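Open your viewer and keep the selection tool ready. We will go from stop to stop.

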Amino acid sequence: MPVTTIRLPQTPDIGGTPSPQPTHLSVPGSAKPFLHPELGRVDAAIIGGPHIIKESPFYVAKPFAGKEAQMEEVMDELDHRAFIPDTLIENETKWFYNSLGIDDQYFATESVNNIANHILSIYGAKVAAFSREDHKFELRLDREDEDRAVYIDTSVPGITNLKGPQYEQRIDTKYLNGSTPARAYRLETFRSVTRPVDNVTDEEPQQFRCYFVYKCEFPEGDVTEAETDMLKISDKRFYEKASENTKNIYKSVIELATSKTSGPVIDMYEIEGSRERRLIIAYRQRSASNFFSALSDLYHYYGLTSTRKYVEQFKNGVSVMCVYLSPSPKSSKYPPIEHSIHQVIKEVSLLYCLPQNLYQYLFAQGELSLQESIYAHCVTIFVTHFLNRLGSEYTSLLSILDSGNSTHQEVIAKIKRRLRQETFTKDYIVDIIISQLELVRQFYLSFASTHYVASVGEDSSFLPTLSYQRLKSSTVLSDEELTKLVSRNAANDHHVLVMSAFHLFNKHVLRTNFYTPTKVALSFRLDPSFLPKLEYPQPLFGMFLCVGQEFRGFHLRFRDIARGGIRIVKSRSQEAYNLNARSLFDENYNLANTQQRKNKDIPEGGSKGVILLDYEHQDKATVAFQKYIDAVLDLLLPGDVPGVKNKIVDLYKKEEIIFMGPDENTAGLVDWATMHARERKAPWWKSFFTGKSPELGGIPHDEYGMTSLSVREYVTGIYRKLGIDESQVRKLQTGGPDGDLGSNEILLSNEKYIAVIDGSGVLHDTNGIHREELLRLAKERKMISDFDVSKLSAEGYRVLVDEKDVTLPSGEVVENGTTFRNLFHLRSGALDGIQMFVPCGGRPEAIDANSVSALIRDGKSTIPYIVEGANLFLTQEAKLKLEAAGTIIFKDASANKGGVTSSSLEVLASLAFDDAGFYENMCISNGKVPAFYTAYVAEVQEIIKKNAYLEFEALWREHEKTGKSRSVLSDELSNAITDLTEELQNSSLWEDVEFRDAVLAEALPELLLKKITLAKILERVPVAYLKAIFGSFLAGRFVYEKGSNPGQFAFFEFMVKKRQGITT
């Protein structure tokens, strides 16, 4: 039988160590098409260049002395197996050893048996090629193990084969994505430079692509992330094979990756006398999933192919990728590599943000550019959240139903959620967009014509990138033309609705980092005026949308100067993720709105940031947070580093400052955010984040119980008004001893705990949970999973979320611990006799208008007192039903405001002190606490308790006077204070210097006034901030004293009294 011969040149500096596992040789045509999953300082750095070097191998393999003897053994093994004809054994073996280009390290480390397996696999592919009518050679060889792998594939240079085995995606998923210093994998891959068979046409110039993966062996001993000594951080094989020049090149990018950035560091080398370009990219491990495979799609798009690629891992947590790029055989229709390489370099940063987007396969096929596909991905996220799909019928229904009826409001909310999730699913939206690619291209062109900023040199003939050429050569349609194009191309009304949302997005983007040369996630400053007032009655002041490969997130604020925490939302299941994704914006809006009402006592309005982790990246909360923060900073700080942070198009044209703080899953990350803002030269870095460590001048809420102090003021206020002995109160608490609010509530209280619910499960004892053991957990910040169950009474039990078929003391069997935990706060029987319920944790809307019925029996509430410590734990409708059934309830916006007060006073100190004074008086150094800091924290605690006391008394008084629900009164008081604050800070009262100074002297902390003086505070603190303090203090004191609806002359009387006090 004739045999198809394969000729490959020798490339002696490439090698690998394949696996000893059985070879997998796939039958041509059997591979499944690639499925594209949704993926949903930190800046990147582009090193100046180009560097021109002489041709020299980056790696030099050590010769294998036993190679000839081993080859003889392999031929004997092949002869023994009797599959290859005797006359061909020597030819096939020598071709494998001498022509395939595998370096000697492979032969030195691989067994005779495994080498024979590889030769047999390739020979089998030759036989299969001969049997085909077109004699097309297809090889699919893979051998995988925990510590090594080898893949050999046939491919066409410069083309991504979406129907192939997707070995690069497998390597990413199985080895590269999860690499850490504790368990890392390096990769070597090369491509042949001649055809595998003689009779393949020029239309498909197939070549071999070989991949060798193996586990890294690092030197003994610990190293820090800042370590750059190559001997200490390099894999053993890399260090032996890499030339000194290679080590120096890698060291240069590693130093930048460790000292300046967590995003990609990009460098490029030209080879003297050649068109080859070598691209070097360094980035943090686990910061860019599927980056290696996505990079192939990028350079293929520009008509380039790689001859060799390396991915090296280092013990300090840095990955370095090296790619040898050359023009592909069909590169004549693309810009020359001398130009396109610069566009590849620029787009590496964009690719790093989203290595796999929803339209990746369209990019890989060349249907969309990288910019177009990622733009479409971002707009798809926008569409899923903001598509107006409620329709006129919803509006009509809203006008018929009673807005004051809590049941009607709950029904409306449920109808709204169902219309949103069922009418337009994400998959349906994506299908519509895929069917309208020409519209996508036109809308992208409109977006780019507004926000694209040409780089230096792009307006010359020397460096015409594809993006710039397209903007110059394509016609940008007007708004009217785009609208007509949508109507003409759309197949139905749904298509019109979805594609019109692209236009809506473009018209409301005020700033974006999309075209910033270096970035780690994409961010958009949006004008929120497009939000329908019907659904979002309180208008937002500002909106940010951030999109990264691990997350999506928003930041919303109701005033220019606003404060609120940043929370990270995790999902235990795909179903939970889908639910969280659908409710993300509404939850963020409601949290910010609650914050707006909660911030009544401070100068800042309400804001909130929510980061939703992609379901595939639940373990990357820190990475997601860092990228989110850096992407927001891109839009707050001027771009003043050409080629790194260029100026962006600013349609907002105003300076913005955002004040942030810790929230769920972010408490341990605020120090990084503070220091990162300083490294990026933000002038307001000291006040950017609150809740930071005392070493940075922060006042930790958890350590000093700031939030809990306010909550406790409401709990003890109820006891005080009703004459109740706290020690006899039976109590339920959600949010366990491991959390800030939960732990401090336990430490500050003296009630008899009956049940505690936290992330790990349920702890219940009808005779009272052992107090000393509960206090131990609270002090150590441990979950109830660490509770010593031997200290429970005979009727007590603990059920953890991972447990199944647990038998309770009553004999009841709990089939699923997670379900039991999620619904325990609504469980009848177990909650009998509970008097006080303090939610200190849990998801929003844990009790709504439907589920609240579990807490009402025969028209009367089963729990007489509730103080809502956790934000939005109960819906407003549920609160109203409970109050109607007899519960005394104080909502989150009133009870949970201690933390924001502490944060505001922390910011005030950072603004009032100069740098030297701040470090001396507010920063703990070497364990030494400044006396001022200790005294200031104590004063902050007293201010929190006083503000909570004043509001509690006002709510109690107004309820007794009017009979109104306390939940309604809370909103009325909050709105009255915030509205009056706006009026006062913009009134002429500020111009009355004597009155202004007197009010500020009463409003500002006494210690700051003594230490700094009012004159210095007026000099250092921004006027807008001081006006806000002035307005909020006067408004708060007036409303707490007179109520939210005082008589016509009440404020006049209040001001007369204030002025008399000043005169006195």
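Select residues 1050–1063: this is helix H39, and Val 1056 lies in it. Helices here are DSSP runs of H or I with at least four residues, and strands are E runs of at least two, both numbered from the N terminus. The model is predicted: local features need pLDDT of at least 70, side-chain atom pairs count only at pLDDT 80 or more, and totals for chains, interfaces and linings use all residues. Residues are numbered from 1 along each chain as its sequence is written, and side-chain values use heavy atoms, leaving out hydrogens and water.

(Buried means under 20% relative accessible area, exposed over 50%, partly exposed in between, with a 1.4 Å probe and protein chains only.)

Next, go inside. The largest nonpolar core has 103 residues. Such a core is a set of buried Ala, Val, Leu, Ile, Met, Phe, Trp, Tyr and Cys residues joined through side-chain atoms within 4.5 Å. Select Leu 279, Phe 514, Phe 524 and Phe 585, which touch the most other members. Now show helix H12, residues 370–386: ten core residues come from it, the largest share. A second, separate core has 72 residues, including Leu 911 and Phe 918.

Return to Phe 514. Among the residues that Phe 514 touches are Leu 350, Tyr 444 and Phe 524. Contact means heavy atoms within 4.5 Å.

Last stop: Ala 182, in the loop between helix H5 (167–176) and strand E6 (185–191). Ala 182 counts as exposed because its relative accessibility is 77%.

Key: Lists of a residue's contacts leave out its neighbours within four places in sequence.
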